[in-house]
Amino acid sequence: MATPSAATTALMVLLLVVPAAFAADYPITWSQGTSYDDWGSDKTLVAGDTITFTYGPTHSVNVVDKGAYDNCGSDSKKSYNDGSSKVPLVAGTMYFICPQGNHCATGMKLSVKVSAAGTPTTPATPATPATPATPATPATPTPGTPATKPTAPSGTNAATSSYNMNVIVIGGSLLLAPLFAFLG
């Protein structure tokens, strides 16, 4: 069996890494005296995205459960204290606190809702069934007039679009990688 060339190996690695480029990173300055109550309200957070917390030496970030979040408890699932922490998001509600002194009690805590990859954050309103209309007779185009192209449906969800792009890239990677391995 032939060994893949360096170019083929590099291409295969690139095809596997490219889907990670579609994840979003949300920077946040983690500081005492700031309210984080509405921080995520204007964001569509999806599993695989990250939050990068930037903070000074008197702070840290703990990922905690709801009980520790509500009571500013010290039990943490994960702790960060390097001043710039990139935290990967998982589906569900995630809770973050600063465990230093009374920082959490004075508002240095954050909760965010994270959707599963490809899941819209707000449920779509079901359409009301309507009586089907009689289809119109298509018009005959006048010579020299360009045909009208159909438009994209309105209301396309960004999370769904991102999910579809990930499926295309991953699917293409899975199809092309063996081909390049075979050709290599």
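**Exercise 1. A lysine without a partner**

Task: Lys109 is buried; decide which side chain of opposite charge is nearest and why the pair is no salt bridge.

Solution. This is a predicted model.
- Step 1. The nearest side chain of opposite charge to Lys109 is Asp70, 5.3 Å away.
- Step 2. Apply the cut-off. A salt bridge needs a Lys or Arg side-chain nitrogen within 4 Å of an Asp or Glu carboxyl oxygen. Buried Lys109 therefore has no salt bridge, with Asp70 at 5.3 Å.
- Step 3. Look for a backbone partner. The Lys109 side chain reaches the backbone oxygen of Tyr69 at 3.2 Å.

**Exercise 2. The surroundings of Lys109**

Task: Find where Lys109 sits in the fold, and list which residues are in contact with Lys109, leaving aside neighbours within four places in sequence.

Solution. 
- Step 1. Lys109 belongs to strand 7, which covers residues 109-114.
- Step 2. Set the strand in the chain. The protein chain has three helices and seven strands. Along the sequence they run α-β-β-β-α-β-β-β-β-α.
- Step 3. Collect the contacts. With those close neighbours left out, Lys109 touches Trp30, Tyr36, Tyr69, Asp70, Cys72, Phe96, Ile97 and Cys104.
- Step 4. Pick out the cysteines. Cys72 and Cys104 are among these contacts, and the two form a disulfide.

**Exercise 3. Sorting the cysteines**

Solution. 
- Step 1. Locate both ends. The pair links distant parts of the chain, 32 residues apart. Cys72 is in the loop between helix 2 (66-71) and strand 4 (78-80). Cys104 is in the loop between strand 6 (92-97) and strand 7.
- Step 2. Assign the hand. The S-S torsion of Cys72 and Cys104 is about -75°, so this disulfide is left-handed.
- Step 3. Cys72 is partly exposed because its relative accessibility is 28%. Cys104 has 4%, so Cys104 is buried.

**Exercise 4. The whole chain**

Task: State what share of the residues is buried and what share of the accessible surface belongs to carbon and sulfur atoms.

Solution. 
- Step 1. Of the 184 residues in the protein chain, 25% are buried.
- Step 2. The accessible surface is about 12300 Å², with 62% belonging to carbon and sulfur atoms.

Notes: Residues are numbered from 1 along each chain as its sequence is written. This is a predicted model: local features need pLDDT of at least 70, side-chain atom pairs count only at pLDDT 80 or more; totals for chains, interfaces and linings use all residues. Side-chain values use heavy atoms; hydrogens and water are left out. Helices (H or I, at least four residues) and strands (E, at least two) are DSSP runs, numbered from the N terminus. Buried means under 20% relative accessible area, exposed over 50%, partly exposed in between (1.4 Å probe, protein chains only). Lys and Arg count as positive and Asp and Glu as negative; His and the chain ends are not counted. A polar contact is a pair of N or O atoms within 3.5 Å; within protein, one must be able to donate a hydrogen and the other to accept it, and residues adjacent in sequence count only if both atoms are side-chain atoms. Contact means heavy atoms within 4.5 Å. Accessible areas come from the Shrake-Rupley method with a 1.4 Å probe; for residues, only the protein chains shown count as cover. A disulfide is a pair of cysteine sulfur atoms within 2.5 Å.
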